[in-house]
Amino acid sequence: VSRCTSFDLTVSGWQKMENPGTQSAGTLYCPHPLRLSIVAEEVATFYAKMLDHEYTSKEIFQKNFFTDWREEMTAEERDLICEFSKCDFGEMHRYFVEQSEKKKDMSKEEKEVLKEETKKLTEEYGYCLLDGHKEKIGNFRVEPPGLFRGRGEHPKMGKLKKRILPEDIIINCSNDSKTPEPPKGHKWKEVRHDDTVTWLASWVENVQGSIKYIMLNPSSKLKGEKDWQKYEIARKLKLKVETIRKEYERDWKSKEMKKRQKGVAVYFIDKLALRAGNEKEEGETADTVGCCSLRVEHITLHKELDGQECVVEFDFLGKDSIRYYNKVPVDKRVFKNLKLFMENKNPEDDLFDRINTTYLNKTLNNSMTGLTAKVFRTYNASTTLQEQLSKLTSRMWHKLLSYNRANRAVAILCNHQRTAPKTFEKSMQNLQQKIELKQKQLDEAKAELKKAKSDYRESKTEKLKRLVEQKEKMVKRLQEQLKKLQLQMTDREENKVIALGTSKLNYLDPRISVAWCKKFDVPIEKIYNKTQRDKFAWAIDMTNEDFEF
(Lines give C-alpha, C1' and ligand atoms only; values in the text may rest on other atoms or scores of the structure.)
Protein backbone atom coordinates (compact mmCIF):
# COMPACT_ATOMS: atom_id res chain seq x y z
CA VAL A 1 0.00 0.00 0.00
CA SER A 2 1.52 3.34 -0.99
CA ARG A 3 0.57 6.74 0.41
CA CYS A 4 -1.66 8.46 -2.16
CA THR A 5 -1.03 12.05 -1.09
CA SER A 6 0.35 14.09 1.81
CA PHE A 7 -2.87 15.02 3.58
CA ASP A 8 -3.43 14.68 7.31
CA LEU A 9 -6.47 13.77 9.36
CA THR A 10 -7.76 16.64 11.47
CA VAL A 11 -8.63 15.48 14.98
CA SER A 12 -10.06 17.70 17.69
CA GLY A 13 -10.53 17.13 21.40
CA TRP A 14 -7.68 14.73 22.11
CA GLN A 15 -5.36 15.53 25.00
CA LYS A 16 -1.93 16.87 24.14
CA MET A 17 0.62 17.99 26.71
CA GLU A 18 1.74 21.58 26.06
CA ASN A 19 4.51 23.12 28.23
CA PRO A 20 3.56 21.11 31.34
CA GLY A 21 5.81 23.31 33.45
CA THR A 22 3.80 26.47 32.73
CA GLN A 23 0.21 25.18 32.27
CA SER A 24 -1.53 23.91 35.35
CA ALA A 25 -4.09 21.79 33.46
CA GLY A 26 -1.48 20.33 31.16
CA THR A 27 -4.02 19.76 28.33
CA LEU A 28 -5.07 21.53 25.18
CA TYR A 29 -8.31 20.85 23.26
CA CYS A 30 -8.14 22.02 19.68
CA PRO A 31 -8.22 20.79 16.05
CA HIS A 32 -4.89 19.18 15.24
CA PRO A 33 -3.55 17.67 12.00
CA LEU A 34 -2.43 14.10 12.54
CA ARG A 35 -0.22 12.13 10.14
CA LEU A 36 -1.59 8.57 10.07
CA SER A 37 0.28 5.36 9.46
CA ILE A 38 -0.11 4.10 5.88
CA VAL A 39 -2.60 1.31 6.72
CA ALA A 40 -4.76 3.55 8.93
CA GLU A 41 -4.67 6.31 6.32
CA GLU A 42 -5.84 3.94 3.59
CA VAL A 43 -8.87 2.85 5.64
CA ALA A 44 -9.63 6.51 6.45
CA THR A 45 -9.68 7.30 2.72
CA PHE A 46 -12.39 4.67 2.19
CA TYR A 47 -14.64 6.70 4.47
CA ALA A 48 -13.53 10.08 3.09
CA LYS A 49 -14.43 9.04 -0.47
CA MET A 50 -18.00 8.35 0.66
CA LEU A 51 -18.47 11.54 2.67
CA ASP A 52 -21.19 12.92 0.38
CA HIS A 53 -23.11 9.63 0.39
CA GLU A 54 -26.07 9.06 2.70
CA TYR A 55 -24.44 5.88 4.08
CA THR A 56 -21.94 7.96 6.06
CA SER A 57 -24.78 9.77 7.84
CA LYS A 58 -26.03 6.50 9.38
CA GLU A 59 -25.01 5.76 12.94
CA ILE A 60 -24.51 2.01 12.39
CA PHE A 61 -22.23 2.75 9.39
CA GLN A 62 -20.13 5.18 11.43
CA LYS A 63 -19.94 2.81 14.40
CA ASN A 64 -18.86 -0.22 12.34
CA PHE A 65 -16.32 1.82 10.38
CA PHE A 66 -14.78 3.35 13.50
CA THR A 67 -14.50 -0.05 15.23
CA ASP A 68 -12.74 -1.65 12.25
CA TRP A 69 -10.61 1.43 11.58
CA ARG A 70 -9.24 1.42 15.14
CA GLU A 71 -8.17 -2.21 14.66
CA GLU A 72 -5.94 -1.09 11.77
CA MET A 73 -4.35 1.78 13.76
CA THR A 74 -1.09 1.72 15.64
CA ALA A 75 -1.27 1.70 19.47
CA GLU A 76 -0.31 5.40 19.51
CA GLU A 77 -3.09 6.27 17.02
CA ARG A 78 -5.63 4.38 19.11
CA ASP A 79 -4.63 6.41 22.17
CA LEU A 80 -5.11 9.67 20.28
CA ILE A 81 -8.21 8.88 18.20
CA CYS A 82 -10.87 7.85 20.71
CA GLU A 83 -14.01 9.57 19.43
CA PHE A 84 -15.30 9.33 15.88
CA SER A 85 -17.23 12.62 16.13
CA LYS A 86 -13.95 14.53 16.60
CA CYS A 87 -12.42 13.31 13.32
CA ASP A 88 -12.60 15.61 10.31
CA PHE A 89 -12.23 13.84 6.94
CA GLY A 90 -12.84 17.06 4.98
CA GLU A 91 -9.33 17.50 3.57
CA MET A 92 -9.21 13.90 2.36
CA HIS A 93 -12.65 14.24 0.81
CA ARG A 94 -11.69 17.41 -1.03
CA TYR A 95 -8.63 15.65 -2.46
CA PHE A 96 -10.76 12.85 -3.94
CA VAL A 97 -13.31 15.32 -5.31
CA GLU A 98 -10.42 17.13 -7.05
CA GLN A 99 -9.12 13.84 -8.47
CA SER A 100 -12.60 13.02 -9.74
CA GLU A 101 -12.89 16.41 -11.41
CA LYS A 102 -9.46 15.97 -13.02
CA LYS A 103 -10.59 12.63 -14.43
CA LYS A 104 -13.72 14.24 -15.88
CA ASP A 105 -11.60 17.01 -17.45
CA MET A 106 -9.22 14.58 -19.16
CA SER A 107 -8.68 15.16 -22.87
CA LYS A 108 -10.04 12.76 -25.45
CA GLU A 109 -6.49 11.51 -26.11
CA GLU A 110 -5.86 10.79 -22.40
CA LYS A 111 -9.14 8.89 -22.14
CA GLU A 112 -8.22 6.91 -25.23
CA VAL A 113 -4.91 5.86 -23.61
CA LEU A 114 -6.79 4.56 -20.53
CA LYS A 115 -9.30 2.79 -22.75
CA GLU A 116 -6.46 1.07 -24.63
CA GLU A 117 -4.83 -0.08 -21.37
CA THR A 118 -8.16 -1.53 -20.18
CA LYS A 119 -8.61 -3.27 -23.53
CA LYS A 120 -5.15 -4.88 -23.25
CA LEU A 121 -5.94 -6.18 -19.75
CA THR A 122 -9.25 -7.60 -20.96
CA GLU A 123 -7.58 -9.34 -23.89
CA GLU A 124 -4.99 -10.91 -21.56
CA TYR A 125 -7.15 -11.84 -18.55
CA GLY A 126 -10.78 -11.49 -19.68
CA TYR A 127 -11.18 -14.74 -21.65
CA CYS A 128 -10.92 -18.47 -21.07
CA LEU A 129 -11.28 -21.63 -23.15
CA LEU A 130 -14.40 -23.68 -22.45
CA ASP A 131 -14.65 -26.96 -24.38
CA GLY A 132 -12.27 -25.49 -26.96
CA HIS A 133 -14.29 -22.28 -27.41
CA LYS A 134 -13.07 -18.82 -26.37
CA GLU A 135 -15.52 -17.46 -23.78
CA LYS A 136 -15.60 -14.08 -22.05
CA ILE A 137 -15.16 -14.02 -18.26
CA GLY A 138 -17.75 -12.06 -16.27
CA ASN A 139 -15.38 -10.03 -14.12
CA PHE A 140 -11.73 -11.02 -13.86
CA ARG A 141 -10.88 -8.35 -11.29
CA VAL A 142 -10.87 -9.09 -7.57
CA GLU A 143 -12.89 -6.52 -5.60
CA PRO A 144 -10.53 -4.00 -3.96
CA PRO A 145 -10.65 -3.25 -0.22
CA GLY A 146 -13.25 -0.74 0.95
CA LEU A 147 -16.26 -0.35 3.23
CA PHE A 148 -19.18 -2.76 3.11
CA ARG A 149 -22.43 -1.05 2.15
CA GLY A 150 -25.05 -3.76 2.03
CA ARG A 151 -28.63 -3.11 1.04
CA GLY A 152 -31.46 -1.76 3.12
CA GLU A 153 -30.60 -1.35 6.80
CA HIS A 154 -27.85 -3.97 6.89
CA PRO A 155 -26.33 -4.32 10.40
CA LYS A 156 -22.80 -4.74 9.00
CA MET A 157 -22.74 -1.63 6.81
CA GLY A 158 -19.52 0.33 7.27
CA LYS A 159 -17.35 -2.68 8.14
CA LEU A 160 -13.96 -2.98 6.48
CA LYS A 161 -13.71 -5.27 3.44
CA LYS A 162 -10.11 -6.40 3.58
CA ARG A 163 -7.72 -6.79 0.67
CA ILE A 164 -7.91 -10.18 -1.08
CA LEU A 165 -4.48 -11.77 -1.50
CA PRO A 166 -3.46 -14.65 -3.81
CA GLU A 167 -3.17 -16.81 -0.68
CA ASP A 168 -6.98 -16.41 -0.24
CA ILE A 169 -7.87 -17.52 -3.78
CA ILE A 170 -8.72 -20.96 -5.14
CA ILE A 171 -8.09 -21.37 -8.89
CA ASN A 172 -10.23 -23.85 -10.86
CA CYS A 173 -8.96 -24.92 -14.28
CA SER A 174 -8.50 -28.02 -16.45
CA ASN A 175 -5.89 -30.63 -15.59
CA ASP A 176 -4.19 -30.15 -18.95
CA SER A 177 -4.26 -26.33 -18.95
CA LYS A 178 -1.54 -23.93 -17.86
CA THR A 179 -2.30 -22.71 -14.34
CA PRO A 180 -2.15 -18.90 -14.17
CA GLU A 181 0.91 -17.60 -12.34
CA PRO A 182 0.30 -15.83 -9.00
CA PRO A 183 1.97 -12.43 -8.45
CA LYS A 184 5.66 -12.63 -7.61
CA GLY A 185 6.33 -13.69 -4.01
CA HIS A 186 2.82 -15.14 -3.59
CA LYS A 187 1.08 -18.47 -4.12
CA TRP A 188 -2.54 -19.53 -4.63
CA LYS A 189 -4.47 -20.99 -1.71
CA GLU A 190 -5.29 -24.01 -3.86
CA VAL A 191 -5.49 -25.12 -7.51
CA ARG A 192 -8.45 -27.37 -8.36
CA HIS A 193 -9.54 -29.24 -11.48
CA ASP A 194 -13.29 -29.55 -10.83
CA ASP A 195 -15.35 -29.75 -14.04
CA THR A 196 -18.67 -30.17 -12.17
CA VAL A 197 -18.83 -26.43 -11.32
CA THR A 198 -18.80 -23.32 -13.54
CA TRP A 199 -16.64 -20.96 -11.45
CA LEU A 200 -13.03 -20.20 -12.37
CA ALA A 201 -11.79 -18.76 -9.08
CA SER A 202 -13.22 -18.27 -5.59
CA TRP A 203 -12.42 -16.79 -2.19
CA VAL A 204 -14.17 -16.03 1.11
CA GLU A 205 -14.85 -12.36 1.87
CA ASN A 206 -14.34 -11.31 5.49
CA VAL A 207 -17.46 -9.27 6.31
CA GLN A 208 -20.18 -11.92 5.96
CA GLY A 209 -17.98 -14.95 5.38
CA SER A 210 -19.65 -15.62 2.01
CA ILE A 211 -17.92 -17.20 -0.97
CA LYS A 212 -17.24 -14.96 -3.96
CA TYR A 213 -16.71 -16.34 -7.46
CA ILE A 214 -15.17 -15.42 -10.80
CA MET A 215 -17.68 -16.75 -13.34
CA LEU A 216 -18.21 -16.77 -17.08
CA ASN A 217 -19.81 -13.71 -18.64
CA PRO A 218 -23.64 -13.82 -18.81
CA SER A 219 -23.30 -13.80 -22.62
CA SER A 220 -21.44 -17.14 -22.61
CA LYS A 221 -23.05 -20.20 -24.17
CA LEU A 222 -23.15 -22.04 -20.84
CA LYS A 223 -24.92 -19.17 -19.06
CA GLY A 224 -27.34 -18.72 -21.98
CA GLU A 225 -28.34 -22.39 -21.86
CA LYS A 226 -28.93 -22.22 -18.10
CA ASP A 227 -31.05 -19.07 -18.56
CA TRP A 228 -33.14 -20.74 -21.27
CA GLN A 229 -33.67 -23.83 -19.10
CA LYS A 230 -34.72 -21.66 -16.14
CA TYR A 231 -37.43 -19.89 -18.13
CA GLU A 232 -38.60 -23.11 -19.78
CA ILE A 233 -39.19 -24.67 -16.34
CA ALA A 234 -41.18 -21.56 -15.38
CA ARG A 235 -43.23 -21.92 -18.59
CA LYS A 236 -43.98 -25.56 -17.71
CA LEU A 237 -45.39 -24.33 -14.40
CA LYS A 238 -47.96 -22.36 -16.41
CA LEU A 239 -49.44 -25.70 -17.56
CA LYS A 240 -49.51 -27.19 -14.06
CA VAL A 241 -50.11 -24.21 -11.81
CA GLU A 242 -53.87 -24.74 -11.48
CA THR A 243 -53.35 -28.38 -10.39
CA ILE A 244 -50.70 -27.26 -7.86
CA ARG A 245 -53.04 -24.56 -6.54
CA LYS A 246 -55.77 -27.13 -6.00
CA GLU A 247 -53.21 -29.29 -4.14
CA TYR A 248 -52.22 -26.56 -1.70
CA GLU A 249 -55.86 -25.53 -1.19
CA ARG A 250 -56.63 -29.16 -0.20
CA ASP A 251 -53.69 -29.00 2.24
CA TRP A 252 -55.41 -26.11 4.09
CA LYS A 253 -58.01 -28.62 5.34
CA SER A 254 -55.56 -31.45 6.16
CA LYS A 255 -55.66 -33.08 9.59
CA GLU A 256 -51.83 -33.00 9.56
CA MET A 257 -50.47 -29.63 10.77
CA LYS A 258 -47.31 -30.00 8.67
CA LYS A 259 -49.39 -30.22 5.48
CA ARG A 260 -51.51 -27.25 6.49
CA GLN A 261 -48.43 -25.13 7.07
CA LYS A 262 -46.94 -26.22 3.77
CA GLY A 263 -50.20 -25.34 1.97
CA VAL A 264 -50.30 -21.81 3.41
CA ALA A 265 -46.56 -21.26 2.78
CA VAL A 266 -46.87 -22.28 -0.89
CA TYR A 267 -49.92 -20.00 -1.19
CA PHE A 268 -47.80 -17.05 0.03
CA ILE A 269 -44.95 -17.98 -2.33
CA ASP A 270 -47.39 -18.21 -5.24
CA LYS A 271 -49.56 -15.16 -4.57
CA LEU A 272 -47.00 -12.79 -3.00
CA ALA A 273 -43.79 -13.98 -4.72
CA LEU A 274 -42.10 -14.41 -1.32
CA ARG A 275 -38.70 -16.08 -1.20
CA ALA A 276 -38.61 -19.48 0.49
CA GLY A 277 -36.34 -18.21 3.29
CA ASN A 278 -33.06 -20.05 2.98
CA GLU A 279 -31.02 -20.63 6.10
CA LYS A 280 -28.46 -17.92 6.81
CA GLU A 281 -24.87 -18.37 5.78
CA GLU A 282 -22.31 -18.86 8.52
CA GLY A 283 -21.41 -15.60 10.20
CA GLU A 284 -24.43 -13.68 8.87
CA THR A 285 -26.05 -11.66 11.65
CA ALA A 286 -28.73 -9.68 9.80
CA ASP A 287 -32.22 -10.61 10.99
CA THR A 288 -33.53 -11.41 7.51
CA VAL A 289 -36.30 -13.92 6.84
CA GLY A 290 -38.30 -15.50 4.03
CA CYS A 291 -41.56 -17.39 3.94
CA CYS A 292 -40.52 -20.51 5.89
CA SER A 293 -38.62 -18.50 8.52
CA LEU A 294 -41.39 -15.96 9.24
CA ARG A 295 -42.01 -15.42 12.94
CA VAL A 296 -45.27 -14.62 14.69
CA GLU A 297 -44.11 -11.01 15.16
CA HIS A 298 -43.81 -10.54 11.40
CA ILE A 299 -47.54 -10.74 10.69
CA THR A 300 -50.65 -9.06 12.10
CA LEU A 301 -54.13 -10.42 11.39
CA HIS A 302 -57.04 -8.04 10.77
CA LYS A 303 -60.53 -9.51 10.51
CA GLU A 304 -61.43 -6.27 8.71
CA LEU A 305 -59.19 -3.45 7.49
CA ASP A 306 -59.81 -0.60 5.05
CA GLY A 307 -63.10 -2.13 3.98
CA GLN A 308 -61.55 -5.55 3.26
CA GLU A 309 -61.99 -8.80 5.18
CA CYS A 310 -59.31 -11.28 6.33
CA VAL A 311 -56.29 -8.99 5.86
CA VAL A 312 -52.75 -10.09 6.72
CA GLU A 313 -50.25 -7.32 7.46
CA PHE A 314 -46.63 -8.33 6.76
CA ASP A 315 -43.64 -6.45 8.14
CA PHE A 316 -40.17 -8.04 8.05
CA LEU A 317 -36.66 -7.69 6.60
CA GLY A 318 -36.17 -9.81 3.49
CA LYS A 319 -33.07 -10.56 1.45
CA ASP A 320 -30.32 -7.90 1.70
CA SER A 321 -32.17 -6.38 4.69
CA ILE A 322 -34.82 -4.84 2.39
CA ARG A 323 -38.03 -4.23 4.33
CA TYR A 324 -41.12 -6.08 3.10
CA TYR A 325 -44.31 -4.31 4.15
CA ASN A 326 -47.65 -5.32 2.68
CA LYS A 327 -51.32 -5.56 3.65
CA VAL A 328 -53.03 -8.38 1.76
CA PRO A 329 -56.57 -9.81 1.87
CA VAL A 330 -56.34 -13.62 1.91
CA ASP A 331 -58.67 -16.59 1.58
CA LYS A 332 -60.80 -17.10 4.71
CA ARG A 333 -59.39 -20.59 5.28
CA VAL A 334 -55.81 -19.21 5.07
CA PHE A 335 -56.75 -16.55 7.64
CA LYS A 336 -58.25 -19.22 9.92
CA ASN A 337 -55.11 -21.37 9.60
CA LEU A 338 -52.82 -18.45 10.40
CA LYS A 339 -54.76 -17.84 13.63
CA LEU A 340 -54.28 -21.52 14.44
CA PHE A 341 -50.52 -21.41 13.68
CA MET A 342 -50.14 -18.39 16.03
CA GLU A 343 -52.01 -19.89 19.01
CA ASN A 344 -50.00 -20.18 22.25
CA LYS A 345 -46.84 -18.80 20.60
CA ASN A 346 -44.57 -15.93 21.58
CA PRO A 347 -43.78 -13.15 19.07
CA GLU A 348 -40.29 -14.57 18.46
CA ASP A 349 -41.60 -18.11 17.69
CA ASP A 350 -41.67 -19.49 14.15
CA LEU A 351 -44.98 -19.09 12.34
CA PHE A 352 -44.34 -22.25 10.30
CA ASP A 353 -42.70 -24.37 13.01
CA ARG A 354 -43.28 -27.75 11.30
CA ILE A 355 -41.62 -27.02 7.93
CA ASN A 356 -38.35 -25.69 6.48
CA THR A 357 -37.08 -24.67 3.05
CA THR A 358 -35.64 -28.10 2.22
CA TYR A 359 -38.95 -29.84 2.93
CA LEU A 360 -40.91 -27.19 1.01
CA ASN A 361 -38.77 -27.42 -2.14
CA LYS A 362 -38.80 -31.23 -1.96
CA THR A 363 -42.61 -31.31 -1.94
CA LEU A 364 -42.74 -28.74 -4.77
CA ASN A 365 -40.38 -30.92 -6.82
CA ASN A 366 -42.74 -33.87 -6.25
CA SER A 367 -45.54 -31.78 -7.78
CA MET A 368 -43.41 -30.85 -10.81
CA THR A 369 -39.81 -31.80 -11.59
CA GLY A 370 -37.51 -28.82 -11.09
CA LEU A 371 -40.13 -26.73 -9.26
CA THR A 372 -38.80 -24.52 -6.44
CA ALA A 373 -39.93 -21.33 -4.73
CA LYS A 374 -37.69 -19.39 -7.12
CA VAL A 375 -39.45 -20.92 -10.14
CA PHE A 376 -42.73 -19.59 -8.72
CA ARG A 377 -41.14 -16.11 -8.52
CA THR A 378 -39.92 -16.36 -12.12
CA TYR A 379 -43.32 -17.63 -13.31
CA ASN A 380 -45.31 -14.92 -11.52
CA ALA A 381 -42.89 -12.16 -12.56
CA SER A 382 -42.96 -13.16 -16.25
CA THR A 383 -46.75 -13.66 -16.19
CA THR A 384 -47.22 -10.22 -14.64
CA LEU A 385 -45.05 -8.62 -17.35
CA GLN A 386 -46.98 -10.41 -20.12
CA GLU A 387 -50.32 -9.25 -18.69
CA GLN A 388 -49.18 -5.66 -18.09
CA LEU A 389 -47.77 -5.29 -21.60
CA SER A 390 -51.24 -5.83 -23.02
CA LYS A 391 -52.10 -2.30 -21.79
CA LEU A 392 -50.04 -0.32 -24.28
CA THR A 393 -50.54 2.89 -26.22
CA SER A 394 -49.51 3.62 -29.77
CA ARG A 395 -46.80 6.28 -29.49
CA MET A 396 -43.17 5.35 -28.88
CA TRP A 397 -42.73 7.21 -25.58
CA HIS A 398 -46.08 5.98 -24.34
CA LYS A 399 -44.90 2.46 -25.13
CA LEU A 400 -41.67 2.87 -23.18
CA LEU A 401 -43.51 4.35 -20.20
CA SER A 402 -45.93 1.42 -20.36
CA TYR A 403 -43.05 -1.07 -20.53
CA ASN A 404 -41.39 0.49 -17.47
CA ARG A 405 -44.74 0.48 -15.66
CA ALA A 406 -45.14 -3.22 -16.49
CA ASN A 407 -41.59 -3.84 -15.23
CA ARG A 408 -42.38 -1.74 -12.15
CA ALA A 409 -45.41 -3.93 -11.36
CA VAL A 410 -43.05 -6.92 -11.33
CA ALA A 411 -40.46 -5.10 -9.17
CA ILE A 412 -43.19 -4.24 -6.64
CA LEU A 413 -44.41 -7.85 -6.65
CA CYS A 414 -40.87 -9.08 -5.98
CA ASN A 415 -40.10 -6.24 -3.50
CA HIS A 416 -37.12 -4.96 -5.52
CA GLN A 417 -36.30 -1.62 -3.92
CA ARG A 418 -33.41 0.81 -4.16
CA THR A 419 -32.36 4.08 -2.56
CA ALA A 420 -33.25 7.13 -4.63
CA PRO A 421 -30.09 8.20 -6.56
CA LYS A 422 -28.24 11.07 -4.88
CA THR A 423 -28.47 13.03 -8.16
CA PHE A 424 -32.24 12.48 -8.38
CA GLU A 425 -33.39 15.92 -7.20
CA LYS A 426 -30.85 17.71 -9.39
CA SER A 427 -31.80 15.71 -12.50
CA MET A 428 -35.51 16.35 -11.84
CA GLN A 429 -34.83 20.11 -11.54
CA ASN A 430 -32.96 20.04 -14.85
CA LEU A 431 -35.82 18.14 -16.47
CA GLN A 432 -38.36 20.62 -15.05
CA GLN A 433 -36.36 23.51 -16.54
CA LYS A 434 -36.36 21.77 -19.93
CA ILE A 435 -40.14 21.29 -19.69
CA GLU A 436 -40.68 24.96 -18.83
CA LEU A 437 -38.45 26.06 -21.73
CA LYS A 438 -40.24 23.71 -24.13
CA GLN A 439 -43.63 24.99 -22.92
CA LYS A 440 -42.48 28.56 -23.57
CA GLN A 441 -41.33 27.61 -27.09
CA LEU A 442 -44.68 25.88 -27.71
CA ASP A 443 -46.64 28.96 -26.54
CA GLU A 444 -44.59 31.17 -28.86
CA ALA A 445 -45.09 28.76 -31.77
CA LYS A 446 -48.86 28.69 -31.16
CA ALA A 447 -48.95 32.50 -31.18
CA GLU A 448 -47.00 32.55 -34.46
CA LEU A 449 -49.39 29.97 -35.94
CA LYS A 450 -52.41 32.03 -34.89
CA LYS A 451 -50.92 35.13 -36.56
CA ALA A 452 -50.04 33.17 -39.72
CA LYS A 453 -53.62 31.86 -39.97
CA SER A 454 -54.98 35.37 -39.48
CA ASP A 455 -52.69 36.72 -42.23
CA TYR A 456 -53.73 33.88 -44.54
CA ARG A 457 -57.45 34.62 -44.02
CA GLU A 458 -56.85 38.22 -45.12
CA SER A 459 -54.65 37.36 -48.09
CA LYS A 460 -54.84 33.79 -49.35
CA THR A 461 -51.47 33.63 -51.06
CA GLU A 462 -49.50 30.43 -51.66
CA LYS A 463 -46.61 31.81 -49.60
CA LEU A 464 -48.84 32.39 -46.53
CA LYS A 465 -50.42 28.94 -46.97
CA ARG A 466 -46.96 27.31 -46.84
CA LEU A 467 -46.12 29.42 -43.77
CA VAL A 468 -49.26 28.15 -41.96
CA GLU A 469 -48.35 24.53 -42.80
CA GLN A 470 -44.81 25.15 -41.57
CA LYS A 471 -46.04 26.64 -38.27
CA GLU A 472 -48.52 23.76 -37.79
CA LYS A 473 -45.68 21.26 -38.18
CA MET A 474 -43.58 23.25 -35.70
CA VAL A 475 -46.40 23.25 -33.09
CA LYS A 476 -46.96 19.51 -33.57
CA ARG A 477 -43.23 18.78 -33.19
CA LEU A 478 -42.96 20.88 -30.03
CA GLN A 479 -46.05 19.20 -28.57
CA GLU A 480 -44.45 15.80 -29.16
CA GLN A 481 -41.18 16.95 -27.57
CA LEU A 482 -43.01 18.38 -24.56
CA LYS A 483 -45.01 15.18 -24.11
CA LYS A 484 -41.79 13.15 -24.30
CA LEU A 485 -40.18 15.26 -21.54
CA GLN A 486 -43.30 15.06 -19.34
CA LEU A 487 -43.40 11.26 -19.73
CA GLN A 488 -39.69 11.07 -18.84
CA MET A 489 -40.41 13.02 -15.67
CA THR A 490 -43.35 10.74 -14.77
CA ASP A 491 -41.20 7.67 -15.46
CA ARG A 492 -38.32 8.87 -13.26
CA GLU A 493 -40.61 9.90 -10.42
CA GLU A 494 -42.44 6.55 -10.40
CA ASN A 495 -39.23 4.54 -10.43
CA LYS A 496 -36.96 6.54 -8.12
CA VAL A 497 -37.05 3.90 -5.33
CA ILE A 498 -37.86 0.86 -7.49
CA ALA A 499 -35.04 -1.34 -8.84
CA LEU A 500 -36.18 -2.31 -12.34
CA GLY A 501 -32.93 -4.04 -13.31
CA THR A 502 -33.10 -6.98 -10.87
CA SER A 503 -36.30 -8.50 -12.26
CA LYS A 504 -35.29 -7.68 -15.84
CA LEU A 505 -32.05 -9.65 -15.46
CA ASN A 506 -33.21 -12.52 -13.24
CA TYR A 507 -36.97 -13.10 -13.28
CA LEU A 508 -38.43 -11.91 -16.59
CA ASP A 509 -38.25 -14.24 -19.57
CA PRO A 510 -36.43 -12.00 -22.11
CA ARG A 511 -38.44 -13.52 -24.95
CA ILE A 512 -41.51 -11.60 -23.68
CA SER A 513 -39.66 -8.29 -24.10
CA VAL A 514 -38.11 -9.25 -27.44
CA ALA A 515 -41.51 -10.32 -28.85
CA TRP A 516 -43.08 -7.08 -27.59
CA CYS A 517 -40.34 -5.00 -29.25
CA LYS A 518 -40.80 -6.80 -32.57
CA LYS A 519 -44.60 -6.58 -32.41
CA PHE A 520 -44.68 -2.84 -31.68
CA ASP A 521 -41.57 -1.80 -33.67
CA VAL A 522 -39.64 -0.69 -30.59
CA PRO A 523 -35.83 -0.88 -31.01
CA ILE A 524 -34.46 -3.54 -28.66
CA GLU A 525 -31.84 -0.95 -27.58
CA LYS A 526 -34.62 1.01 -25.86
CA ILE A 527 -35.26 -1.94 -23.51
CA TYR A 528 -31.88 -3.67 -23.12
CA ASN A 529 -28.45 -2.03 -22.89
CA LYS A 530 -25.37 -3.57 -24.56
CA THR A 531 -24.55 -5.88 -21.62
CA GLN A 532 -28.14 -7.09 -21.40
CA ARG A 533 -28.33 -7.64 -25.18
CA ASP A 534 -25.20 -9.81 -24.95
CA LYS A 535 -26.69 -11.78 -22.04
CA PHE A 536 -29.97 -12.36 -23.87
CA ALA A 537 -28.53 -12.89 -27.35
CA TRP A 538 -30.14 -16.36 -27.39
CA ALA A 539 -33.60 -14.85 -26.84
CA ILE A 540 -33.11 -12.07 -29.42
CA ASP A 541 -32.07 -14.62 -32.05
CA MET A 542 -34.83 -17.20 -31.49
CA THR A 543 -37.93 -15.11 -30.68
CA ASN A 544 -40.60 -13.82 -33.06
CA GLU A 545 -43.40 -11.37 -32.30
CA ASP A 546 -45.95 -14.14 -31.64
CA PHE A 547 -44.11 -15.57 -28.61
CA GLU A 548 -46.16 -15.85 -25.42
CA PHE A 549 -44.77 -16.93 -22.07
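1. Strands β13 (residues 308-317) and β14 pair in the antiparallel sense, over seven bridges. Within this pairing, V312 stands opposite V328 of β14. Note that the model is predicted.

2. The pair belongs to an open sheet of three strands, ordered β12-β13-β14, with antiparallel pairing. Its edge strands are β12 (299-305) and β14 (323-329), and each of them pairs on one side only. On average, neighbouring strands of the sheet are turned by 15 degrees against each other, direction ignored.

3. Two helices lie across these strands. Helix α7 lies across β13 and β14 and runs at about 100 degrees to β14. Helix α8 lies across β12 and β13, and runs at about 135 degrees to β12.

4. The helices also pack against each other. For α7 (residues 257-272) and α8 (residues 332-342), the packing angle is about 125 degrees and the axes are 11 Å apart. Angles of 65 to 115 degrees count as roughly perpendicular and those over 145 as roughly antiparallel; α7 and α8 are therefore oblique to each other. Their crossing is left-handed.

5. Which residues of α7 and α8 make the contact? On the α7 side they are M257, R260, Q261, V264, Y267 and F268. On the α8 side they are V334, N337, L338, L340 and F341. By class, the contact of α7 with α8 has eight nonpolar residues, two polar and one charged.

Methods: Residues numbered from 1 in each chain as written. Predicted model: local features only at pLDDT ≥ 70, side-chain atom pairs only at ≥ 80, totals over all residues. Heavy atoms only, no water. Axes fitted to C-alpha atoms, helices over the stretch in contact; angles between N-to-C directions. Helix = DSSP H or I, 4+ residues; strand = E, 2+ residues; numbered from the N terminus. Parallel < 35°, antiparallel > 145°, perpendicular 65-115°, else oblique. Left-handed = near helix turned anticlockwise from the far one by under 90°. Contact = heavy atoms within 4.5 Å. Nonpolar A, V, L, I, M, F, W, Y, C, P; charged D, E, K, R; others polar. Pairing = 2+ DSSP bridges.
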